[in-house]
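Visitor: I have a few quick things to ask about this one. Can we go through it with the structure open?

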Amino acid sequence: PRQQSETLSTLMFFVFSSPQLFLPSMRKKPALADGSNPDGDLLQEHWLVDDMFIFENVGFTKDVGNIKFLVCADCEIGPIGWHCLDDKNSFYVALERVSHE
C-alpha cells in the first residue's frame, strides 16, 4: 500500500538509488518498534532528504537498533522510509511506499 498523506511539499529532495535496503511490511507504528517481524521488502529507489524539518505528516518510531523508521503521522502506518542514527542528515523515503506525482 502507498500512503496518501502529503509528506513532502516541495522539491527539497533527490532520488537516490542505493543497494537494496530492507523495510518491514507496512503496519501500525507500535508493531514496528519491537523489530521482531522479519516480513518486509528489499527496496532500492528512495528519496534522500537531508533535513527532517522538510517533512510534513511524517513521524518516527522508537529506535530499532540504530534505525528509526519513518511512518505516516496521520495514520501511523509504515514504514515509508528510514533514518540511520549514525547519519543525522540522511532520511530515506521509499518510492514504492508512497504515492508521488
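**Cysteines, cores and an arginine**

Guide: Cysteine 72 counts as buried, because its relative accessibility is 1%. Keep in mind that this is a predicted model.

Visitor: Which cysteine sulfur is closest to the sulfur of cysteine 72?

Guide: That of cysteine 75, at 3.6 Å, which is too far for a bond. A disulfide needs the two sulfur atoms within 2.5 Å.

Visitor: And how many disulfides does that rule give?

Guide: The count is zero.

Visitor: What about cysteine 84, buried or exposed?

Guide: Buried, because its relative accessibility is 17% and the cut-off for buried is under 20%.

Visitor: Change of topic. Which residues make up the largest nonpolar core?

Guide: There are 12 residues in it: Met26, Trp47, Val49, Ile54, Phe55, Val58, Leu70, Ile80, Phe91, Val93, Leu95 and Val98.

Visitor: Which elements give two or more residues to this core?

Guide: Two strands do, E3 (40-49) and E8 (91-94).

Visitor: So where does cysteine 84 go?

Guide: Into another core, which lies apart from the largest one. That core has nine residues, including Cys84, Leu48, Ile67 and Ala94.

Visitor: Next, arginine 27. Which strand is it in?

Guide: Arginine 27 is in strand E2, residues 27-28.

Visitor: Why does arginine 27 count as buried?

Guide: Because its relative accessibility is 15%, and buried means under 20%.

Visitor: What does its side chain reach?

Guide: The backbone oxygen of serine 25, at 3.0 Å from the side chain of arginine 27.

Terms used
Residues are numbered from 1 along each chain as its sequence is written. This is a predicted model: local features need pLDDT of at least 70, side-chain atom pairs count only at pLDDT 80 or more; totals for chains, interfaces and linings use all residues. Side-chain values use heavy atoms; hydrogens and water are left out. Helices (H or I, at least four residues) and strands (E, at least two) are DSSP runs, numbered from the N terminus. Buried means under 20% relative accessible area, exposed over 50%, partly exposed in between (1.4 Å probe, protein chains only). A polar contact is a pair of N or O atoms within 3.5 Å; within protein, one must be able to donate a hydrogen and the other to accept it, and residues adjacent in sequence count only if both atoms are side-chain atoms. A nonpolar core is a set of buried Ala, Val, Leu, Ile, Met, Phe, Trp, Tyr and Cys residues joined through side-chain atoms within 4.5 Å.
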